[in-house]
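This report walks through one protein model, residue by residue where that helps, and is meant to be read beside the sequence and the coordinates.

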Amino acid sequence: MAVAEPSRYFLMSGLLHAFYWMDEGLQNHLAAAGLPPVSRTQSLVMTNIADGVTRPAELARRLDISRQAVQQLLAGMQERGLIDLVADPDDARAKVVRYSAQGREIGKLTMRALERIDAELEKRLGAKALKELRRVLVEADWGEPVQATAADVKKGSAQTAKALEAVLSNAPKRRGFTGPRGS
């Protein structure tokens, strides 16, 4: 049995490259609107806010960065006028993140951009494929993250070993978009 190209074998890699592709399309829309670019980390913060994550500690956990780093990130975003840090109505000692007026405008543009990106994906992949992607990635309940024991970590299939060897021996050849901006 032939081993799939490593970037195609591991779903995580494909999801990451899909995120890069979509974020690059979003950046193209921001540039066309005359707005300054938003870093990938800022895009992740804005996406989390849209998902209802407004506490800096939870943002730090989701982004896997320190609370100090998230505070610095949020301060920079507030200076740019993307967000506001306001008193938490449920805890006077804490702050929550809200979109600023400019952040809401970027959010509206983002919604239009994502609709256009989805429409382009539908043209390129077909309506059925886009519907299935949406079902699997957005609507399906994946449950809790997979847990592992030391014994689980030691197990591996021959196919996994071959794919790992391919990843370690050479960088995969990809079609189309290959990575973060400018790389």
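At a relative accessibility of 7%, Gln27 counts as buried, because that value falls under 20%. The model is a predicted one, and in it Gln27 lies in helix 2. A polar atom of the Gln27 side chain lies 2.8 Å from the backbone oxygen of Val38.

**Overall architecture**

The secondary structure of the protein comes to nine helices and two strands, and along the sequence these elements follow the pattern α-α-α-α-α-β-β-α-α-α-α. Of the 183 residues, 26% count as buried. The accessible surface comes to about 12,700 Å², and carbon and sulfur atoms account for 57% of that area.

**A pocket lined by helix 2 and helix 6**

Helix 2, which holds Gln27, also contributes to the second largest pocket, whose volume is about 180 Å³. The elements that give two or more residues to the lining of this pocket are helix 2 (11–32) and helix 6 (101–125). Which residues line the second largest pocket? They are Trp21, Glu24, Gly25, Asn28, His29, Arg116, Ile117, Glu120 and Arg124. The largest share of this lining, five residues, comes from helix 2. Sorted by class, the lining of the second largest pocket has two nonpolar, three polar and four charged residues.

**Helix 3 and what covers it**

In helix 3, which spans residues 40–50, the buried residues are Arg40, Gln42, Ser43, Val45, Met46, Asn48 and Ile49. The cover over these buried residues includes helix 2, helix 4, helix 5, strand 1, strand 2 (91–99) and helix 6. As a general point, an α-helix has 3.6 residues a turn, so residues three or four places apart point the same way. Just after helix 3, Gly52 takes a positive phi of about 95°.

Asp64 has a phi near 55°, a positive value in a residue other than glycine. Most residues other than glycine have a negative phi. Asp64 is placed in the loop between helix 4 (56–63) and helix 5 (67–79). Is Asp64 buried or exposed? Asp64 counts as exposed, because its relative accessibility of 70% is over 50%.

**Asp88 in strand 1**

Asp88 is found in strand 1, which covers residues 83–88. With a relative accessible area of 5%, Asp88 is buried, because the cut-off for that class is under 20%. The side chain of Asp88 makes a polar contact with the side chain of Arg55, at 2.6 Å. Leaving aside residues up to four places away in sequence, Asp88 touches Arg55, Ala94, Lys95 and Val96.

The C-alpha atoms of Glu105 and Leu82 are separated by 9.3 Å, and the two residues are 23 residues apart along the chain.

**Accessibility side by side**

| Residue | Relative accessible area | Class |
|---|---|---|
| Gln27 | 7% | buried |
| Asp64 | 70% | exposed |
| Asp88 | 5% | buried |

Terms used: Residues numbered from 1 in each chain as written. Predicted model: local features only at pLDDT ≥ 70, side-chain atom pairs only at ≥ 80, totals over all residues. Heavy atoms only, no water. Helix = DSSP H or I, 4+ residues; strand = E, 2+ residues; numbered from the N terminus. Buried < 20%, exposed > 50% of the residue type's maximum accessible area, 1.4 Å probe, protein only. Polar contact = N/O pair within 3.5 Å; in protein donor to acceptor, adjacent residues only side chain to side chain. Contact = heavy atoms within 4.5 Å. 1 Å grid on protein atoms, 1.4 Å probe; cavity = no way out; pocket = protein on both sides within 12 Å on 5 of 7 lines; lining within 4 Å. Points joined across faces, edges and corners; volume = space filled by probe spheres on them. Nonpolar A, V, L, I, M, F, W, Y, C, P; charged D, E, K, R; others polar. Areas by Shrake-Rupley, 256 points an atom, 1.4 Å probe, with all protein chains shown as cover.
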